[in-house]
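User: Hey, I have a model open and I'd like to talk it through. Could you help me read it?
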Amino acid sequence: MFVAKSIAADHKDLIHDVSYDFHGRRMATCSSDQSVKVWDKTDDGEWHCTASWKTHSGSVWRVTWAHPEFGQVLASCSFDRTAAVWEEIVGESNDKQRGQSHWIKRTTLVDSRTSVTDVKFAPKHMGLMLTTCSADGVVRIYEAPDVMNLSQWSLQHEISCKLSCSCISWNPSSSRAHPPMIAVGSDDSNVTYTGKVQIYEYNENTRKYAKAETLMTVTDPVHDIAFAPNLGRSFHVLAVATKDVRIFKLIPLRKESATSSGPTKFEVQVMAQFDSHNSQVWRVSWNITSTLLASSGDDGCVRLWKANYMDNWKCTGILRGDGSPVNGSSGQTGSFGNAGGVGGPASQNSVVGAASAGRKKAQLMPG
Amino acid sequence: MDCIAAKYVSQKISKIRWRPVPSESLHQPDVFATGSWDNEDNKVSVWAVGENGVSSMDDEFEGDPQLLCETKHEGDVLDLQFLDQDKIVAASSTGAVTIFKHHPDKDKEGLSVAHTWERAHRYPCDNAPCTGVVCNSPELVSVGEDGRIVLYKVDQRAILRVIENADSSTIHAVTFLKTTGVLTVNSIGQLKLWDFRQQGNEPAQVLSLTGDRVPLHCVDRHPNQQHIVATGGQDGMLCIWDVRQGNMPFSLTEAHSAEMWEVHFHPSNPDHLFTCSEDGSLLHWESSANSDTPSFLQGGRNTSIISRSAIAPAGGNQSLISAWLAGDSSKGRLETTHMLPSQTLSVNSLDVLGQCLVCGTDGEAIYVNRQVPV
Amino acid sequence: MEEVDVEPNITLIPGVDFRHKHLGFVWGPGDIVVYETNYTEKGGGPGGSGRPAIHVVRKDEDIYSPILRKLFNESHHIFVDLQRIKKDLPSKNKKPQFVSISKNYRSVIRACMEELQQIAVSTQDDSLSTQYGNQISILLAVELIWNLCEVLFIDAAPAGTLLLHLLDWVRLHKVDVDVKAREILQSDSPTKHPAYWDLVISFVLQGRMDEARQVLMKQASLQPAARPMFSLMDNLLHKMPIFNPGGTQTLTEFDVKWRHWHEECDRCLQDSSFASNSHLETICKILVGDEDTLLEQKELLSTWYHFLVTRLLYTHPTVKPTDLHHYAQSCMHMFLGTRNALEPLDSILLAAFEFDLHQVIKDCSIALNNWWFVAHLTDLLDHCKLLQSHNLHFGSNLREFLVLEYASGLFTHHSLWQLAVDYFDHCPEFGRVYLELQIERVPLDTERKALKVLRICEQRQMTEQVRSICKIMAKRALRNSRLGSALSWSIRAKDAAFATLISERFLQDYCTRGSFSDLDLIDNLGPAMLLSDRLTFLGKYREFHKLYGEKQFTEAAKLLLSLMTAKIAPRSFWMTLLTDALPLLEQKEVIFSAEQTHELMFCLEELTSEKCDPNPDQPMQDEEVESTKIELLRLALARNLANAIVKEGTVEA
């Protein structure tokens with residue numbers, strides 16, 4: 001791996017979240033400076049900030065994109081106890097030509113009485129739905145019944161988790177065999193010996209979310225949680241960031257047909273557990289095909305985890321700051337170019353060594 | 001197929017064009033230009049084959065295209081045309097239309113931008129891809145996804161004329177029909193004739209296959225008989241039209257199994273036709289007429305569909321009764337030949353001049369055939 | 001199978017303090033983006049340092065090399081050809097095809113190396129030239145391994161032939177001999193060249209007897225006194241039996257002949273025939289396969305596997321595949337000694353000689369930074385049914401795993417993603433779902449690109465992806481005020497809801513402007529009109545306008561009425577339709593029949609009875625206009641009814 005380019009983010013304070021849009025051509029950043037910025041990738045692969053605006057009256061924790069089928073829509077959540085939905089609007093102006101776009105607030109969701117810690121759109125097959133969770137222990141599911149009118153959102157469900165919530169993740173499976181399912185993580189450090197990951201499932205009959213499972217083995221504070229893309233399998237895979245990285249396999253148990261109104265029960269297996277971050281793990285996230293899991297922890301590193309074809313998980317890469325002191329003016333602008341010297345794979349070099357031994361002047365035979 | 005040379009060029013080729021040969025010379029063309037797409041840095045490049053190619057005297061390398069020069073192009077190159085010997089016009093996905101000048105000087109060979117019309121195609125607040133350009137020196141016409149037709153003069157910076165809302169859907173291609181008019185094809189299967197002598201935004205004539213909304217992607221005009229045009233559609237169908245005779249095409253032929261990206265009459269021997277497609281094939285159509293009338297013109301209005309398999313064995317000559325021309329099979333025959341070895345990725349563009357044919361693919365390869373039997 | 005523990009690679013991010021800060025990240029399409037952050041910050045106040053930067057980290061450098069791109073494109077071709085080889089052919093008949101495919105792959109690697117070589121020489125940039133150098137070395141190693149696998153596994157040559165192939169393998173990869181030969185033979189007096197004897201010995205070590213003899217002749221002609229000795233050597237070299245796989249000779253016959261020759265060499269050594277010339281004596285010792293003498297030539301052999309092949313040539317030319325590993329191990333130890341830790345390339349080659357295919361593949365995937373090689377080689381070996389015969393029950397899984405990895409890598413590239421599709425197609429277990437996940441994320445910059453992506457999805461009946469892509473395009477067209485395009489896309493997506501929405505927009509525009517836009521589209525909807533009720537109405541309503549314009553009043557009237565009676569028109573539009581009826585009612589000629597007029601009146605009453613509650617949103621003035629309109633209509637209808645009754649009565653009478 002190599003650092004292809006660095007971009008001065010130009011936020012006045014810490015960045016809390018960066019989010020790519022579905023196609024990877026746009027990026028949103030949010031910060032303690034209470035603003036959100038939108039970045040667009042030009043045809044030549046450079047990133048340009050096309051919008052920057054104050055979104056909240058507190059630190060903005062998370063920012064996320066809706067599926068492009070719903071247009072250009074962002075949601076953000078903040079310490080100011082609110083979540084907000086933003087839409088890019090087009091007018092008759094030539095702003096886009098000048099490299100600027102306009103975002104307007106479509107709604108503010110003010111139901112939470114405490115900091116809103118996470119915001120996620122539900123999988124697109126469920127329609128345009130937005131979920132928030134907050135420190136007051138409530139997960140809220142909102143829906144925009146008319147996808148052409150994003151100023152109307154109705155609070156569809158309130159799930160009380162009884163523990164301060166830090167993160168949510170929707171199960172992305174669109175299979176009919178899997179009812180909508182959401183996992184909630186809690187970073188409550190007051191209550192010990194309680195499972196900190198709860199899984200709720202939608203019940204078609206009662207039209208409510210009901211708790212399907214609590215991962216009782218996860219008793220330490222949970223900071224992030226992520227379902228893997230389903231890949232057409234019958235079971236689900238969930239990564240959890242707590243004092244270590246854990247990957248769970250949730251195998252739905254066959255329901256008895258008579259009591260099918262109850263939530264699905266799962267057999268929970270730990271697929272992998274890594275403590276190489278030494279202490280708290282703050283984020284976990286899967287790549288598109290869930291062949292790689294990335295985690296960020298107190299050791300200041302991002303670690304990449306990968307399973308081989310026999311399902312053995314290993315760390316395959318580490319990203320780490322070079323430790324150079326941060327000074328006020330360290331905004332790296334422009335491109336670092338092809339930093340080939342940085343972190344060149346050691347093993348690769350040794351192959352080179354062997355292969356080129358005694359062939360320094362070797363000429364190639366014509367094919 | 002032995003005389004086909006392939007070269008991998010590390011960029012997907014969207015357009016490929018021979019440099020025109022001066023009419024007085026009897027030379028075969030030896031220089032062509034390409035445009036790339038889907039790259040972070042797209043390019044317009046100029047290549048040479050044969051004698052013009054660099055030093056190599058080896059027979060083996062003859063026909064292997066050598067890069068003469070290239071320049072960066074912002075956005076995908078969606079169309080490319082030679083204006084004259086040294087000027088190339090390119091249509092960009094950014095909505096710009098750019099004229100490049102080729103300096104063939106030995107020591108500082110290069111391409112420079114002569115002029116750019118930025119945002120020639122646009123939506124109210126964003127750029128719209130320019131999908132096609134055509135030139136009839138000194139006039140230049142471009143079309144785009146915004147449904148606009150823009151008319152320029154090569155030597156003037158100002159835009160001559162714009163037909164707003166010329167089309168409610170995307171215009172995919174354009175060709176000059178007469179000096180005063182162009183023909184466009186669009187994404188709902190229509191051919192529209194535009195007469196620039198008329199004011200207003202209405203086409204002079206609209207043709208379409210009734211009840212059929214299959215998008216048309218390419219159009220070419222018969223070099224000698226300006227009322228005859230060939231179009232290629234999303235379903236791979238090849239249509240021959242006589243624009244004087246209203247709504248029914250002369251003939252319909254199932255040519256390819258996916259989008260036909262380009263169709264070209266042979267410029268000097270128009271009984272030959274070439275098509276290329278997303279299905280990865282390049283076909284040579286030969287219609288041998290036994291009478292004096294150009295074969296395309298034989299026959300009446302009867303339309304029939306000829307089906308042929310695009311996965312026929314390469315090189316296999318399939319003789320078909322030429323119904324794009326006639327009900328009378330004795331008068332004309334249509335033969336098709338696969339020009340490429342088996343291939344899977346799209347052939348996006350082709351050009352043919354004299355005995356020379358070039359094509360470019362999404363497999364990042366250029367194929368050159370300098371012995372096309374025409 | 002034990003896992004070799006390899007330390008994960010560390011990529012350093014410039015300007016980030018890892019001791020006091022956290023590193024935030026997000027997955028991108030082809031990369032991972034990282035930024036400095038602090039996850040413990042919970043409050044609202046400013047807490048961090050200013051001006052943080054975002055760093056884009058890319059995974060695979062190779063994929064961005066323009067020359068390696070040719071390798072990816074060209075090998076894609078070969079891969080697709082390989083998948084087309086019929087599964088049901090008996091494997092015996094397929095072997096030549098597989099060998100030829102393997103050679104094709106290798107020639108692509110070689111072409112790529114040549115080009116890198118040329119460009120490495122011509123570049124001025126040191127770091128670039130190092131990069132090219134590294135790539136060349138990797139490709140050299142890859143080709144070396146591939147070639148050995150081809151000999152041992154794919155071609156699977158039997159005893160006798162096996163050694164011939166191994167000799168070719170060594171000759172092909174130890175080409176500095178030829179360079180040296182050219183240099184020496186072109187010098188003023190080759191025999192005086194300091195490396196003259198090295199050259200002769202190098203030829204002998206590679207079993208290139210004819211060339212060795214030619215070079216020796218030059219020396220012989222200069223030393224008339226030593227001529228008998230030279231001609232004795234020449235004779236030995238000339239007489240060495242070479243197995244001819246195509247000939248009639250059996251292996252046993254060859255072996256007898258070879259032993260005879262070997263004894264003759266041995267005799268020459270015993271009776272000190274070459275004692276007066278140490279070089280010739282060395283050569284003779286090599287011919288009898290003297291280990292110590294061979295090991296003295298380490299410099300010329302340069303690798304243990306060259307040593308192995310030379311040793312086999314002069315001691316066991318009929319070596320059986322199953323015995324190879326024994327010689328390989330001992331040669332490696334003799335050549336490298338035991339103190340040296342093995343380089344990855346050495347262990348990979350050793351694993352190949354041990355016929356441990358799985359180890360070869362695994363070590364290669366660890367040692368090489370690129371999935372290209374392991375994916376293609378494993379795929380080929382799998383086609384040869386070798387993964388099964390070597391007792392790897394997870395054979396095809398391994399193949400699929402590697403091919404998926406390679407294809408996923410291609411998909412992260414802005415341009416090479418198209419190649420990946422065919423690879424996914426040939427992964428029966430997960431290929432489809434991987435493609436589904438990846439293809440819908442391809443950015444759709446232009447319609448042409450969208451069409452290419454759609455074609456891929458449609459060919460594979462990926463209906464959900466097709467719908468989603470068309471929906472995204474429709475949504476974008478709507479944003480750009482291209483109603484016609486938006487409608488075309490939603491028709492293609494079969495998205496009735498969105499088609500309804502756009503139809504409403506068209507009708508709205510009509511109501512405000514009094515004319516239709518995008519007639520070219522609306523007039524040619526055809527059967528697509530049936531997608532949604534509102535679209536049907538739009539199309540039919542437009543048809544009414546056309547009929548009216550063409551003065552086909554009776555037809556127009558019939559259509560207009562049916563739009564209401566068949567409930568095609570939305571209720572909100574009835575007033576407009578009734579107003580449209582006015583001019584028809586006012587015509588001199590009676591157009592609406594008595595019965596039709598009755599129906600119209602019924603429609604009007606239905607509409608007005610619903611509207612008895614005054615609409616609070618509607619201003620008073622509109623209300624007045626509305627009631628005037630209704631009055632006018634009632635009047636016109638009554639008059640028409642009267643006329644119609646009269647006319648119908650007249651006709652009957």
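User: Which residues does Ile145(C) touch?

Analyst: Not counting residues up to four places away in sequence, Ile145(C) touches Ile348(C), Leu349(C), Ala352(C) and Cys364(C). Touching, or being in contact, means that the C-beta atoms of two residues, placed from the backbone, lie within 7 Å. Before we go on, this is a predicted model: local features need pLDDT of at least 70, side-chain atom pairs count only at pLDDT 80 or more, and totals for chains, interfaces and linings use all residues. Residues are numbered from 1 along each chain as its sequence is written, while chains are lettered from A and ligands numbered from 1 in the order in which they are written.

User: Okay, and what is the largest nonpolar core like?

Analyst: That core has 180 residues, and Ile145(C), Cys149(C), Val200(C) and Ala352(C) have the most contacts inside it. Helix H3 (residues 126-154) of chain C gives the largest share, 16 residues. A nonpolar core here is a set of buried Ala, Val, Leu, Ile, Met, Phe, Trp, Tyr and Cys residues joined through C-beta atoms within 7 Å. Buried means 20 or more other C-beta atoms within 10 Å of a residue's own, exposed means 12 or fewer, and partly exposed is in between, with C-beta atoms placed from the backbone. Another core, of 108 residues, lies apart from it, and includes Val302(A), Leu304(A), Tyr39(C) and Ala53(C).

User: Switching to chain A, what secondary structure does it have?

Analyst: Chain A has one helix and 25 strands. Helices (H or I, at least four residues) and strands (E, at least two) are DSSP runs, numbered from the N terminus. Of the 367 residues in chain A, 47% are buried. If you take contacts in chain A between residues at least 6 apart in sequence, 46% join residues at least 24 apart.

User: How is chain A divided into domains?

Analyst: There's domain 1 (9-88 + 101-122) and domain 2 (161-321), with bounds from an automatic or database domain assignment. The C-alpha centres of these two domains of chain A lie 24 Å apart. Four residues of domain 1 are in contact with six residues of domain 2.

User: How many bridges join E6(A) and E7(A)?

Analyst: Five bridges, in the antiparallel sense, with E7 of chain A covering residues 73-78. Val63(A) stands opposite Ser76(A) in E7(A).

User: New topic: what's the peptide bond from Ser137(B) to Pro138(B) like?

Analyst: That bond is cis, with omega near 5 degrees. Pro138(B) is in the loop between strand E12 (130-136) and strand E13 (139-144) of chain B.

User: And what about phi of Ser10(B)?

Analyst: Phi of Ser10(B) is near 60 degrees, which is positive in a residue other than glycine. You'll find Ser10(B) in the loop between strand E1 (4-8) and strand E2 (12-18) of chain B.

User: Why does Ser10(B) count as partly exposed?

Analyst: Because Ser10(B) has 17 C-beta neighbours inside 10 Å.

Technical notes: Two strands pair if DSSP finds at least two bridges between them.
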